[in-house]
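Look over the structure first, then read on.

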Amino acid sequence: MSTATLDTPIPAHPCAALPAADAASGDGLAAVRSAIAAHLVPKVVDVDLKAEYPEGFLRALGQAGGFRGAVEPAYGGNGLGMKHVVQVMEEVARECLSSAFLVWCQTACARYIQLSGNDWLKKQFLPSIAAGELLAGTGLSNTVKSCDTIEDYRLSARRVEGGYVINGVLPWVSNLGPSHVFTTGCPVVGEDGKLVFVLVDCAQAGFKLVDCAHFVGLDGTRTLACHFKESFVPDSMVLAHPSESEAYVKRIKPAMIHAQMGMGLGLIDACCKLMHQSNRTLAHVNQYLDDQVETIEAALAGARAAVYEIADELSEGAGSERTLDILKLRLAGGELSLRAANAAMLHQGAKGYLVRNPAQRRLREAYFIAIVTPATKHLRREIARIEGGHACSGM
Ligand SMILES: Cc1cc2nc3c(=O)[nH]c(=O)nc-3n(C[C@H](O)[C@H](O)[C@H](O)COP(=O)(O)OP(=O)(O)OC[C@H]3O[C@@H](n4cnc5c(N)ncnc54)[C@H](O)[C@@H]3O)c2cc1C
């Protein structure tokens, strides 16, 4: 895979849409960094240990322009595209993976709306999602895994006058609440396996959120079960009808997977800092560990360059021709996250085993990168299938 330098120029963008500090710094990240320092850093341990949902931080990040890369300027975006989305996630993941995953949820949902053909939805929802006024999730893990024949669909839709009626349960969808929205997709009865993609309003009739799962990490992400019972979704909330869904999936899938790399880049960087910190006093003994910080940092630099390069390509077009590269990079990102977190833990030693020490948190967080859809096993299966001559799945 080719690599780009880290200082690849960012394409021209409307600086007027950025906060003043960002227009000056040019990378669109100065205000983001301020929001992280003021609203996230003091909360990281509570998010991790008390499962506190970092809503205040998400709102502040929205005000700082942190979600605007996923949206076109006409709907409140900043024109900086996927690289900005990845870089914001990376900045956030340096401090807290739960919050970085919530950034992924918010920006992935925005992008699914942006790439739909539904102009009413774009006008109605994108400006408030881009600003962080409306918080949004995405329940597409089951859709992706079912399309890849790993599990059965948990939702089904039937066409009715003016919309679709949906039934079923999605067990785990994050960044949700009674006033939130999220995207999902499921097969439509009588449509030969073709899918409908919709935006769901969590307050709508026939829909309920159920808090039933608690996790060893990422528990502050408001990950809830979504119960649909004869839930009517009007045509106005449809992102893609069955006749449009194949093309729609090709538009959304590459970047959906690729953007998750922002989580890995930030987490790995944070693990390197923990190793450096420990080496200040314990380098004489840390040198006997398998993974040294220089090795991880070199791998991180290569991964970051490749991620930014593909992110810029994705901003220009759909990128489905880069699917195999994206899957391999995403797999490597999960593996390197685990390696880096393991190395950070071993460098920190018993100190890293303390409840409030970030080393053990990073280890739990790294496992999330490796298990969230597409998980390590899923990625390896898809890579093997594509290299074995199978076409990429529809989703
Ligand atoms: C913290 C967290 C946040 C998540 N957020 C989202 C999100 O925002 N959107 C989204 O679409 N998905 C989300 N997921 C789901 C995630 O992406 C995976 O689909 C899920 O972890 C299952 O993947 P798997 O590889 O373990 O599945 P497999 O190993 O293939 O297991 C098959 C299926 O069995 C079911 N299953 C197994 N054990 C349990 C259990 N104890 N309770 C309920 N079901 C079970 C699951 O549906 C699973 O998909 C989240 C998961 C976690 C842990």
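How many cavities of 30 Å³ or more does the count come to? The count comes to four. This is a predicted model, in which local features need pLDDT of at least 70, side-chain atom pairs count only at pLDDT 80 or more, and totals for chains, interfaces and linings use all residues. Residues are numbered from 1 along each chain as its sequence is written, and side-chain values use heavy atoms, with hydrogens and water left out.

**How space is found**
- Rolling a probe the size of a water molecule over the atoms shows where empty space is left.
- On a 1 Å grid over the protein atoms alone, a cavity is a set of points where a 1.4 Å probe fits but cannot get out, while a pocket is an open set with protein on both sides within 12 Å along at least five of seven lines.
- Lining residues have an atom within 4 Å of a point.
- Points are joined across faces, edges and corners, and a volume is the space filled by probe spheres set on them.

**Second largest cavity**
- The second largest cavity holds about 70 Å³ of space.
- Its lining includes Met 82, Trp 104, Arg 111 and Ile 252.
- Helices H5 (81–93), H6 (97–114) and H9 (242–259) each give two or more residues to this lining; helices (H or I, at least four residues) and strands (E, at least two) are DSSP runs, numbered from the N terminus.
- H6 gives the most, with five residues.
- The lining has 10 nonpolar, one polar and one charged residues. Ala, Val, Leu, Ile, Met, Phe, Trp, Tyr, Cys and Pro count as nonpolar, Asp, Glu, Lys and Arg as charged, and the others, Gly among them, as polar.
- Domain 1 (15–137) and domain 3 (247–387) each supply at least three lining residues; the bounds come from an automatic or database domain assignment.

**Largest pocket**
- The largest pocket has a volume of about 850 Å³.
- It is lined by 35 residues, and those closest to its centre are Trp 172, Phe 368, Ile 371, Val 372 and Thr 373.
- Elements giving two or more residues to this lining include strand E3 (163–173) and helix H13 (358–371).
- By class, the pocket lining has 19 nonpolar, 10 polar and six charged residues.

**Cysteines**
- The whole structure has zero disulfides (pairs of cysteine sulfur atoms within 2.5 Å).
- For Cys 186, the nearest cysteine sulfur is that of Cys 147, 11 Å away.
- Cys 186 is buried (under 20% relative accessible area; exposed is over 50%, partly exposed in between; 1.4 Å probe, protein chains only), at 1%.
- Cys 226 is also buried, at 0%.
- The sulfur of Cys 226 lies 6.2 Å from that of Cys 202, too far for a bond.
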